[in-house]
Amino acid sequence: MNFMNVDYSTKIPNNVNLSEDRQVLKALEGWHPGYMDWWGDMGPEGFQQSLVYLRTAYSVDPRGWAKFDYVKMPEYRWGILLAPQEENRVIPFGENYGKPAWQEVPGEHRATLRRLIVIQGDTEPASVEQQRHLGKTAPSLYDLRNLFQVNVEEGRHLWAMVYLLQKYFGRDGREEADDLLRRRSGDADSPRMLGAFNEATPDWLSFFMFTYFTDRDGKMQLHSLAQSGFDPLSRTCRFMLTEEAHHMFVGETGISRVVQRTCEAMKEAGITDPTDIAWVRALGVIDLPTIQKKLHLHYSLSLDLFGSEVSTNAANAFNAGIKGRYRETQIDDDHQLKNATYPVLKLVDGVIKRVDEPALTALNMRLRDDYTQDCVKGMLRWNKIISLAGYQYKLTLPNVAFHRQIGEFKDVHATPEGVLIDDATWNQRKGDWLPSTDDGDFIASLMKPVTEAGAYAGWISPPKVGIDNKPGDFEYVKIET
Ligand SMILES: [Fe+2]
Ligand SMILES: [Fe+2]
């Protein structure tokens, strides 16, 4: 079979020859009804009978892999798609550096691998759950379609992890696969595994922030796992990254369009001070200081996803050849980090300082730094929109010590600039830095659905180009009535 193209003859589309892998096909088919139940209960609320203009992968060739068509979401063909196997691939880092990549799970690393796959898998359905109510307040059919595209692909990413669990981890893999459908975002008894995936996504600005900042954490994690010596995991993650790019595009352009609309409205009204919140809000657009607060929230929640700055788990996973660094193969060093150090931000006698740590235990910090650099790119675009409109306002990333629940700074309070403050000051000021109930209420008041083709809510600009080059008035979702 041609591993570039996807076999659609089985119930579960795939390019891993499932029709000749009866046992795994059976396990996946057994898991399928539970997945459909989960999608029905926790997937997008409403719109399940609507025709949505979605892309579906027909190939894993990055030059042309998706085709677009109208699909009802429950009929989306969630498939198992791995990037093509690289011939003679070797483990690119760690103690097994240069040895052939594993096609089966090495016994001594089984538990670590399973844990990493389960954690990654858990985030995928979680985001669908977090976003399930957004359909009813979409600012346009274009945005509605993008939301659903992200949702069905996160569903597919769950399938990707479940395939690995069922194929390579036997009975406990099957149990983990079932548990992935049992946990629920924000549930008191059975929450999702990571903090940011239990937070609410109450409005569309949050959705754009989530896809920009939190999906980007996903990108960094997938990049590290794409380096894995366990070849099936590497191949799975490589293809997921192809899809993930669109999710971050949705976030970046979404925030751009909100900023754009706000700046236009301020200009039309003759506003010179973008911090005149009451006046800006009276125009029915989201003021820049509130956008900044949302950014503070989502960036800080996403930083927590990288775990502790200094971590022996991260060192072990690297040594074992399971989880590498961002763009590992492009880094010019020994890929074993035997004597290397890495500067880690720490709290030393009440002061934030850079301290050299062994590079091996500092891998989470390093990945987080790579992430921050990646985040800056969007910031530059948004700030350019603001300055082109003639305003002296800059969106900024908060200091890493700001609003943290995990790692070095979890027990202290800091301002977005990184000045350490006491509890009383924090409680007094946090509403200046993080979205307050009032801010949430204001944003919620703008969230009115716009369902006419080509029309957009007043708080967001239309996109520059359509999906699949469709014209401005294209009906991306045919809502059944
Ligand atoms: Fe994903
Ligand atoms: Fe994503």
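Q: Is H335 buried or exposed?
A: H335 counts as buried, because its relative accessibility is 7%, under the 20% cut-off. This is a predicted model, so the value is computed from predicted coordinates.

Q: Where does H335 sit?
A: H335 is in the loop between α9 and β3.

Q: OK, on to β3. How does β3 run against β4?
A: Strand β3 (residues 341-348) and strand β4 (residues 351-358) run antiparallel, joined by eight bridges. Within this pairing, P343 is opposite D356 in β4.

Q: How many residues lie between the strands in that hairpin?
A: Two residues lie between the strands of the β3 and β4 hairpin, and D349 takes a positive phi near 45 degrees.

Q: What about the open sheet, what is its strand order?
A: The open sheet has three strands in the order β2-β1-β7, and the pairing is antiparallel. The edge strands are β2 (66-72) and β7 (477-478), each of which pairs on one side only.

Q: How many bridges join β1 to β7?
A: Two bridges join strand β1 (residues 51-57) to β7. V52 in that pairing stands opposite V477 in β7.

Q: Switching to the metals. What coordinates the iron ion (ligand 1)?
A: The iron ion (ligand 1) is coordinated by E124 (OE), E154 (OE) and H157 (ND1), at 2.0 to 2.2 Å. Along the chain these donors follow the spacing E-x29-E-x2-H.

Q: Where are E154 and H157 in the fold?
A: Both E154 and H157 lie in helix α3 (residues 141-168), three residues apart, which is about one turn of the helix. E154 and H157 are both buried.

Q: How far apart are the iron ion (ligand 1) and the iron ion (ligand 2)?
A: The iron ion (ligand 1) and the iron ion (ligand 2) are 3.6 Å apart, and E154 coordinates both.

Q: Which protein donors does the iron ion (ligand 2) have?
A: The protein donors of the iron ion (ligand 2) are E154 (OE), D215 (OD), E244 (OE) and H247 (ND1), lying 1.8 to 2.2 Å from the ion. Their spacing in sequence is E-x60-D-x28-E-x2-H.

Q: Why is the arrangement around the iron ion (ligand 2) irregular?
A: The four donor atoms around the iron ion (ligand 2) subtend angles of 88 to 170 degrees, and this range makes the arrangement irregular. For a tetrahedral assignment all angles would have to lie between 85 and 135 degrees.

Q: Which helices hold D215 and H247?
A: D215 lies in helix α5 and H247 in helix α6 (residues 231-269), so the pair ties together parts that are 32 residues apart in sequence. D215 is buried, with a relative accessible area of 5%. H247 counts as buried too, at 0% relative accessibility.

Q: Which elements give two or more residues to the lining of the largest pocket?
A: Those elements are α2 (110-130), α3, α5 (204-226), α8 (288-304), α9 (312-320) and α10 (363-388). The largest share, nine residues, comes from α5.

Q: How does the lining of the largest pocket divide by residue type?
A: The lining of the largest pocket divides into 19 nonpolar, 16 polar and 12 charged residues.

Q: And how many cavities of 30 Å³ or more are there?
A: The structure holds three cavities of 30 Å³ or more. About 40 Å³ of space lies in the largest cavity.

Q: What lines the largest cavity?
A: The lining of the largest cavity includes V6, Y8, P13, W78 and R156. By type, the lining of the largest cavity has seven nonpolar, two polar and two charged residues.

How values were computed
Residues are numbered from 1 along each chain as its sequence is written. Chains are lettered from A and ligands numbered from 1 in the order in which they are written. This is a predicted model: local features need pLDDT of at least 70, side-chain atom pairs count only at pLDDT 80 or more; totals for chains, interfaces and linings use all residues. Side-chain values use heavy atoms; hydrogens and water are left out. Donors are N, O and S atoms within 2.8 Å of the metal (3.2 Å for Na, K and Ca); water is not among the atoms, so sites may look incomplete. Helices (H or I, at least four residues) and strands (E, at least two) are DSSP runs, numbered from the N terminus. Buried means under 20% relative accessible area, exposed over 50%, partly exposed in between (1.4 Å probe, protein chains only). Ala, Val, Leu, Ile, Met, Phe, Trp, Tyr, Cys and Pro count as nonpolar, Asp, Glu, Lys and Arg as charged, and the others, Gly among them, as polar. Two strands pair if DSSP finds at least two bridges between them. Four donors count as tetrahedral if all angles lie between 85 and 135 degrees; four count as square planar and six as octahedral if opposite donors are over 155 degrees apart and all others between 65 and 115; anything else is irregular. On a 1 Å grid over the protein atoms alone, a cavity is a set of points where a 1.4 Å probe fits but cannot get out, and a pocket is an open set with protein on both sides within 12 Å along at least five of seven lines; lining residues have an atom within 4 Å of a point. Grid points are joined across faces, edges and corners, and a volume is the space filled by probe spheres set on the points.
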